[in-house]
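This report describes the overall build of one protein and then turns to one of its helices. Please keep the sequence and the structure in view while reading.

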Amino acid sequence: MPDPVAELSRLLQGFEVVDLTNSVEDGMPYYPGDPRPTVMQWRSLRRDGVNLKLLILGSHSGTHVDAPAHFVDGGAAVDELGPMAFSGEAIVVDARGYREVPPDVVPLNPSRVLLIYTGISAAWRRGWVTDDYPYLSREAAELLVKRGVRVVGIDSPSVDAPGAEEPIVHRMLLSQGVLIVENLSRNLGRLVGKRVWFLCLPLPIRSGDGAPARALALVPRRR
Ligand SMILES: [Zn+2]
């Protein structure tokens with residue numbers, strides 16, 4: 001019988017790993033009203049004999065996940081979901097040029113994970129306060145729930161409109177148990193139209209409404 005671990009290693013060699021995570025750095029973008037992310041040298045090799053940084057982040061800083069607890073009273077927290085809850089087969093759809101992403105970007109037969117590329121990730125730069133970006137229409141959110149999507153990832157800071165008084169899209173998705181990944185990096189643009197395996201691992205913040213995450217796409221190499 002073949003060794004399954006060796007078999008998995010062999011299979012993984014057939015995939016390119018594309019990082020969809022924005023780097024965590026001082027002055028990285030943040031949502032208005034959220035904590036301003038800070039990354040500081042706390043100890044240094046020269047002075048203290050060791051390098052060590054201090055991080056100040058919100059639970060929704062940078063590339064991150066939203067757990068149901070973000071907007072649903074009594075909803076699951078990030079540490080209560082399984083470690084693979086945000087991962088799985090994915091399809092990457094093109095939503096460039098829309099202010100409000102319409103339902104027709106939702107494929108007829110989507111995978112467990114739907115990754116939406118709006119192109120706004122090209123604006124990701126230090127000092128950007130994310131108060132203007134594309135978002136999902138209510139109709140698109142309804143449709144993807146109906147078609148069985150379990151995780152929605154987007155390269156935009158939020159699935160809801162900037163400054164929305166009522167977070168209708170968050171509420172609709174999270175109350176149905178559909179999980180959200182936001183601020184995916186511009187590398188998502190290389191994968192438009194592709195089927196990939198999405199691997200997204202949030203930090204298990206206790207009772208966390210969300211958490212920074214490392215998000216990767218495993219993309220089949222062309223043979
Ligand atoms: Zn969020």
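How many helices and how many strands are there in the protein? The model is a predicted one, and the protein in it has four helices and twelve strands.

**Overall form**

The following table collects values for the whole protein.

| Property | Value |
|---|---|
| Box filled by the C-alpha atoms, along the principal axes | roughly 60 × 55 × 35 Å |
| Residues that count as buried, of 223 | 37% |
| Contacts joining residues at least 24 apart, among those between residues at least 6 apart in sequence | 71% |

**Helix α4**

Helix α4 spans residues 168-175, and its buried residues are V169, H170, L173 and L174. These residues lie on the same side of α4, because they cover an arc of only 110 degrees around the axis. In general, an α-helix has 3.6 residues a turn, so residues three or four places apart point the same way.

The buried residues of α4 pack against helix α3 (138-146) and against the strands β4 (64-66), β8 (135-136), β9 (151-154) and β10 (179-182). Just after α4, G177 takes a positive phi of about 80 degrees.

**The pair α3 and α4**

The axes of α3 and α4 come within 9 Å and cross at roughly 10 degrees. The two helices are therefore roughly parallel. From α3, the residues R138, A141, E142 and V145 meet I168, V169, M172 and L173 of α4. The residues of this contact comprise six nonpolar, two charged and no polar ones.

Key
Residues are numbered from 1 along each chain as its sequence is written. This is a predicted model: local features need pLDDT of at least 70, side-chain atom pairs count only at pLDDT 80 or more; totals for chains, interfaces and linings use all residues. A residue is buried if 20 or more other C-beta atoms lie within 10 Å of its own, exposed if 12 or fewer, and partly exposed in between; C-beta atoms are placed from the backbone. The arc is that of the directions from the helix axis to the C-beta atoms. Two residues are in contact if their C-beta atoms, placed from the backbone, lie within 7 Å. Axes are lines fitted to C-alpha atoms, for helices over the stretch in contact, and angles run from 0 to 180 degrees between N-to-C directions. Angles under 35 degrees count as roughly parallel, over 145 as roughly antiparallel, 65 to 115 as roughly perpendicular and the rest as oblique. Ala, Val, Leu, Ile, Met, Phe, Trp, Tyr, Cys and Pro count as nonpolar, Asp, Glu, Lys and Arg as charged, and the others, Gly among them, as polar.
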